[in-house]
Amino acid sequence: KSMNSQYLGRDYGKEDTPLENDELTANTVDSYAKQSMPLCMSQLHAGMKRDSKLKHQGRLQYGLFLKGGGMSTEEHLAFFQRVFTKIMTT
């Protein structure tokens with residue numbers, strides 16, 4: 001038998017994820033932030049949700065993190081548009 005079929009322990013990667021299709025979208029970022037993000041990214045996310053803004057370097061860092069997590073460009077734009085337009089007045 002191969003090593004993959006011999007392991008009988010718990011699979012931590014798939015059991016505890018309450019997210020649909022394990023896909024990072026604009027609607028699932030909050031769930032991932034609570035569950036899976038490292039501390040630095042969860043702090044950026046919390047600050048962004050609280051203040052509806054991030055400094056330039058924070059936006060770059062957070063955007064690249066989401067891109068690395070598999071978020072598509074369209075979802076990326078929708079997410080940032082939804083968050084950053086909360087402080088704009090009409």
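1. Ser52 is buried, with a relative accessible area of 8%; buried denotes under 20% relative accessible area, exposed over 50%, and partly exposed the range in between (1.4 Å probe, protein chains only). Ser52 lies in the loop between α3 and α4 and, just after α3, takes a positive phi of about 60 degrees. Leaving aside neighbours within four places in sequence, Ser52 is in contact (heavy atoms within 4.5 Å) with Gly47, Val83, Phe84, Lys86 and Ile87.

2. On the basis of these remarks: this is a predicted model, in which local features need pLDDT of at least 70 and side-chain atom pairs count only at pLDDT 80 or more, while totals for chains, interfaces and linings use all residues. Residues are numbered from 1 along each chain as its sequence is written, and side-chain values use heavy atoms, with hydrogens and water left out.

3. Helices are DSSP runs (H or I, at least four residues), as strands are (E, at least two), numbered from the N terminus. The 13 residues of α3 should span 18 Å at 1.5 Å a residue, and the end C-alpha atoms of α3 are 18 Å apart, which agrees; the expected span is 1.5 Å times one less than the number of residues. Met41, Ser42, Leu44, His45, Gly47 and Met48 are the residues of α3 reported here as buried. Their cover includes α2, α4 and α5.

4. The buried residues of α4 are Gly58, Tyr62, Gly63 and Leu66. They cover an arc of only 125 degrees around the axis, which puts them on the same side of α4; the arc is that of the directions from the helix axis to the C-beta atoms. On the other side of α4, Gln57, Leu64, Lys67 and Gly68 are exposed. The cover over the buried residues includes α2 (29–35), α3 (39–51) and α5 (73–84). Gly70, which follows α4, has a positive phi near 105 degrees.

5. α4 and α5 pack at an angle of about 140 degrees, with their axes 11 Å apart. That makes α4 oblique to α5, since angles under 35 degrees count as roughly parallel, over 145 as roughly antiparallel, 65 to 115 as roughly perpendicular and the rest as oblique. Axes are lines fitted to C-alpha atoms, for helices over the stretch in contact, and angles run from 0 to 180 degrees between N-to-C directions. Arg59, Tyr62, Gly63 and Leu66 in α4 meet His76, Phe79, Phe80 and Phe84 in α5.
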